[in-house]
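Visitor: I'd like to learn how to read a few features off a model like this one. Could you walk me through some?

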Amino acid sequence: MRLVRFRGFRFFPAALAVLIAACGGSGGGSGEAPPRISLSATRISAEAGGGDASLGVSNGGGGTLSWTAAIPATVDWARISSGSNGTNSGTVQIEIDANSGAAREFNLTVTGNGTTPATVQVSQPEAPPAIDLKAARTELEGGGGSISLQVRNSGHGTLQWTASLPGDQDWAYIEKGGSGTDSGEIVVRYAVNGGEDRELQVMVTAAGASNSPQSLDFAQKWFAASTCTYPKAREEVFDRLEEVYYFNDEREQQGIYAGIFLDDFKTLDALLDEIRYKPETHDRGFTYWLTREESDMLFEAAAYIFGFRMRVIIDESEEPLYFEILDVYEGSPAGEAGLARGDKIRALNGKAVDGLTFEQIQLELGPNEEGYAVEIEAETLSGARRTYAMAKRLVEIPTVPDGHVAVFDTDKGKAGYLHFRTFFGDANERLLEEFAGFKSAGVRHLIVDLRYNGGGSVPIAHGLATLIGGPELFGNPMQTVLATTVHNRLLERRGWNETTYFGCDPYMAPALIAKCEAESALRDLENVVFITSQSSASSSELVITALQPHENVALVGERTYGKPVGQYGFDFCRTDPGNQFSGEGILWPASFATVNSEGFEEYYDGLPVTQGCEAADDLSHELGSPQEDRIAAALRFIETGSCAAPPSSRAASKAVEMQSVPSRGPATQFFGH
């Protein structure tokens with residue numbers, strides 16, 4: 001049969017005409033044929049979404065046919081809108097509702113004068129799936145957080161759905177529920193808003209759904225909206241920088257201020273990007289802002305991370321090949337998953353690293369937000385391949401790792417070794433404890449491993465320098481200069497410049513000061529060897545430069561990063577105008593430079609290693625092992641005054657360059673990923 005389509009319905013031509021007896025009909029004489037009902041279709045298939053249908057009725061016989069069309073009284077989802085009766089030819093118009101449930105059908109009956117009734121089957125398939133998307137609120141917290149959306153199938157059948165966010169934003173991600181069947185929950189985590197109000201759209205799509213796609217729009221206000229407006233905070237930050245920024249004496253910097261129109265900057269980050277002085281060589285991200293919560297976490301050595309440090313191996317075109325794990329924090333998601341120093345990461349979330357850019361690697365590693373998950377494919381030192389799944393959570397970084405402290409016997413006496421990760425958290429207590437052990441062991445030489453230490457608290461740096469310098473630098477009547485803090489000319493006239501001396505005062509608490517003076521500070525060290533790399537910065541460099549005029553100091557490994565400036569924290573958007581430390585946000589501008597007792601201050605290109613003491617980071621050995629290349633070089637320096645290894649033991653140099661992934665913020669700079 002040939003199918004005929006009308007207005008969304010399929011009609012099946014009748015195979016046989018329905019004959020109607022002429023008895024009692026209005027036909028002519030006995031020789032005239034009786035009337036009979038002829039229908040244009042025997043079956044009508046309606047669309048699930050409903051609509052209108054037409055059925056043609058005609059007289060297929062002789063005489064006059066009077067007919068009536070009817071739908072069963074029990075059917076409430078369809079009705080005859082016109083043409084319910086007629087003479088000879090006519091059209092029945094049927095109105096059908098959209099289906100919201102299972103498939104259904106009924107028979108429409110046409111009766112005529114003295115004839116057998118004719119029927120047409122009207123069927124409608126089950127309703128398609130439909131997306132119902134809801135959220136309890138559409139306002140996002142300015143300080144960051146998460147929002148839950150509920151997906152439900154309000155139609156029929158099976159709803160296979162996928163959730164997505166716009167591809168041009170990097171401040172939110174789907175933490176849970178990226179896809180699902182019928183009902184499910186989507187959890188979207190989003191970052192703090194450090195600028196103008198912004199919007200986020202969450203979209204759900206499903207093949208075959210009647211209303212796909214569906215979306216919800218969310219609005220997020222400036223994070224400190226309860227205390228101040230973004231324009232007010234932007235002006236406050238700008239004014240503070242014009243006052244305290246270390247580089248303000250530079251003519252070029254004054255030109256930057258003169259050319260700024262504040263309304264052009266939609267976020268504080270964009271404003272700081274414009275203001276930083278010589279960002280390629282001097283202020284390389286040293287000036288930033290944090291919420292109070294973020295600042296507090298930083299000083300507690302805590303962050304939402306996986307718990308590892310890494311470096312990227314690049315090819316001759318400076319494109320990533322893979323990255324290597326340098327350090328894994330005990331008790332972190334990475335540590336619990338089994339990731340280890342020396343592992344080569346070949347893929348992130350199923351994407352080969354050698355096909356990604358540095359920016360794409362950062363995107364795959366994600367923001368430092370709780371719950372952000374990643375799948376890592378790693379190759380161990382033995383060549384075995386493993387896949388690790390882990391999610392970021394709050395990690396408290398061990399400042400001096402267990403097992404990374406040792407005392408080595410050398411031909412020149414005992415050498416103490418300490419791997420020091422960061423100048424934050426419990427560093428003061430751990431340093432006092434470990435140095436007391438060195439003193440008790442009769443250590444005459446010291447190796448301080450700062451290869452991954454990006455800096456931190458200046459008072460902790462002063463305390464470490466004092467422990468190393470010992471009583472001969474602080475226990476005599478003449479105070480010994482540790483460093484001088486210098487500022488721009490405006491702050492210098494206000495008396496901000498300050499000279500710091502070796503001493504235990506940075507430990508502040510009387511019990512800790514006493515422990516520093518009596519038990520922990522080392523006396524008469526013969527050698528102090530610092531293991532450094534391009535990741536050694538800020539407070540690490542402060543300790544080194546402070547000791548260089550007073551101790552036999554050597555550097556082994558790589559040239560340091562080069563950060564001779566430090567930051568003060570300035571509150572903005574205060575909850576209490578009378579309390580300068582009540583701000584919801586804290587600006588950390590490069591505010592001062594540190595100068596050692598010999599006047600050495602400008603080392604933006606880093607501190608060089610001692611001649612002949614360049615050494616690779618040996619990932620085939622754990623930190624603390626005397627066989628690790630840099631530690632072995634430090635021990636040779638202590639024993640011979642030279643880092644040079646015998647020709648037979650020198651490792652072959654790598655044919656590829658090593659490069660750290662650019663930092664995306666203070667947490668990554670200080671603690672890694």
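**A guided reading**

Guide: Let's begin with Thr422, which sits in the loop between strand 32 (413-419) and helix 7. Before going on: this is a predicted model, where local features need pLDDT of at least 70 and side-chain atom pairs count only at pLDDT 80 or more, while totals for chains, interfaces and linings use all residues. Residues are numbered from 1 along each chain as its sequence is written, and side-chain values use heavy atoms, with hydrogens and water left out.

Visitor: And what counts as a helix or a strand here?

Guide: They're DSSP runs numbered from the N terminus: helices are H or I with at least four residues, strands are E with at least two.

Visitor: Is Thr422 buried or exposed?

Guide: The idea is a cut-off on relative accessible area: under 20% is buried, over 50% exposed, and in between partly exposed (1.4 Å probe, protein chains only). Thr422 has 1%, so it is buried.

Visitor: Which residues does Thr422 touch?

Guide: A contact means heavy atoms within 4.5 Å. Not counting residues up to four places away in sequence, Thr422 touches Ala301, Ile397, Thr399, Ala427, Asn453, Gly455 and Phe671. Ala301 is worth a look too: just after helix 4, it takes a positive phi of about 55 degrees.

Visitor: Which residues of helix 4 are buried?

Guide: In helix 4 (residues 292-299), they are Ser295, Met297 and Leu298. Down the helix axis they fall within an arc of 160 degrees, so they line one face of helix 4. That arc is taken from the directions from the helix axis to the C-beta atoms.

Visitor: What covers the buried residues of helix 4?

Guide: The cover includes strand 22 (288-291), strand 23 (302-305), strand 30 (393-396), strand 40 (583-588) and helix 14 (666-671).

Visitor: How do I read the packing of helix 7 and helix 8?

Guide: Start with the axes, which are lines fitted to C-alpha atoms, for helices over the stretch in contact; angles run from 0 to 180 degrees between N-to-C directions. Helix 7 and helix 8 (residues 458-469) pack at about 5 degrees, with their axes 10 Å apart. Helix 7 is therefore roughly parallel to helix 8. Angles under 35 degrees get that label, over 145 is roughly antiparallel, 65 to 115 roughly perpendicular, and the rest oblique.

Visitor: Which residues make the contact?

Guide: Helix 7 brings Ala427, Asn428, Leu431, Leu432 and Phe435, and helix 8 brings Ile460, Leu464, Leu467 and Ile468. Eight of the residues in this contact are nonpolar, one is polar and none charged. For those classes, Ala, Val, Leu, Ile, Met, Phe, Trp, Tyr, Cys and Pro are nonpolar, Asp, Glu, Lys and Arg are charged, and the others, Gly among them, are polar.

Visitor: What about helix 7 and helix 11?

Guide: The axes of helix 7 (residues 427-441) and helix 11 (residues 510-520) come within 9 Å and cross at roughly 20 degrees. So helix 7 is roughly parallel to helix 11 as well. In helix 7, Glu429, Leu432, Glu433, Phe435, Ala436 and Lys439 meet Leu512, Lys515, Cys516, Ala518, Glu519 and Ser520 in helix 11. This contact divides into six nonpolar, one polar and five charged residues.
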